[in-house]
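Reader: I'd like to walk through this model with you. Can we take a look at it together?

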Amino acid sequence: MIQLYGHDVSGNSYKVRLFLELLGLDYEWVKVDLMQGEHKAADFLALNAFGQVPVLVDGEVTLADAQAILVYLARQYGGDTWLPVDALPLAQVVRWLSTAAGEVRQGPENARLYHLFKVANINIERSHQKADHILTQLDKHLSTRSWLEFDSPTIADVAVFPYVALARDGKINLDAYPNVLTWIERVKQLPGFVPMAGV
């Protein structure tokens with residue numbers, strides 16, 4: 001059985017958990033208590049030397065990094081709808097994986113880390129500026145479409161969703177981004193959707 005190592009309040013763990021549920025796959029959730037330092041223990045470091053969640057174990061496959069895991073699950077179990085094969089649509093989806101790891105991380109994710117987990121070395125003013133920038137771009141992009149790319153959800157939506165949906169944890173008001181709010185509700189209506197605290 002697939003095992004997913006993660007933490008309950010980790011948005012990156014949640015995005016993988018969400019995708020497993022959307023795919024209807026059986027898996028075992030293995031909680032890694034970040035507050036107790038379990039991600040720095042030798043047995044976990046043997047799975048991911050970076051000491052970060054999530055980590056997916058699927059038979060002989062052990063894979064870290066949320067975006068990489070989404071790609072693996074989509075290709076292994078999800079079919080072309082979640083991750084296209086052709087060069088251009090594939091690139092369009094991968095672009096959003098980069099956005100999730102870049103702009104979304106620098107904005108909403110860092111603001112959440114600052115306010116919820118008291119991570120003091122984050123420049124919160126800059127994080128709020130980054131959040132406003134990416135949310136403005138997302139709102140404009142979503143004004144003419146239901147999903148980030150194409151006519152159905154892809155792993156682009158799964159990758160970007162958690163930290164945008166959790167933006168209020170970082171004291172970011174989403175009311176100024178109505179198309180983003182509509183998209184969040186649309187994701188919540190997907191068959192198999194599971195909530196995370198705050199979403």
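Predicted model: local features only at pLDDT ≥ 70, side-chain atom pairs only at ≥ 80, totals over all residues.

Reader: How much space lies in the largest cavity?

Author: A cavity is a set of points on a 1 Å grid over the protein atoms alone where a 1.4 Å probe fits but cannot get out, and lining residues have an atom within 4 Å of a point. Grid points are joined across faces, edges and corners, and the volume is the space filled by probe spheres set on the points. The structure holds one cavity of 30 Å³ or more. The space in the largest cavity comes to about 40 Å³.

Reader: Which helix gives the largest share of that lining?

Author: Helices are DSSP runs (H or I, at least four residues), as are strands (E, at least two), numbered from the N terminus. The lining includes Leu18, Trp82, Asp157 and Phe161, and H1 (11–23) and H7 (155–165) each supply at least two of its residues. The largest share, three residues, comes from H7.

Reader: How do H4 and H7 pack, roughly parallel or roughly perpendicular?

Author: Axes are lines fitted to C-alpha atoms, for helices over the stretch in contact, with angles from 0 to 180 degrees between N-to-C directions. H4 (residues 87–101) and H7 pack at about 10 degrees, their axes 8 Å apart. Angles under 35 degrees count as roughly parallel, over 145 as roughly antiparallel, 65 to 115 as roughly perpendicular and the rest as oblique, so H4 is to H7 roughly parallel.

Reader: Where is Pro54?

Author: The peptide bond from Val53 to Pro54 is cis, with omega near 5 degrees. As for its place, Pro54 sits between helix H2 (42–45) and strand S3 (55–58), in the loop.

Reader: And which loop holds Phe150?

Author: Phe150 is not a glycine, yet it has a positive phi of about 70 degrees. Its loop is the one between helix H6 (124–141) and H7.

Terms used. Residues numbered from 1 in each chain as written. Heavy atoms only, no water. 1 Å grid on protein atoms, 1.4 Å probe; cavity = no way out; pocket = protein on both sides within 12 Å on 5 of 7 lines; lining within 4 Å.
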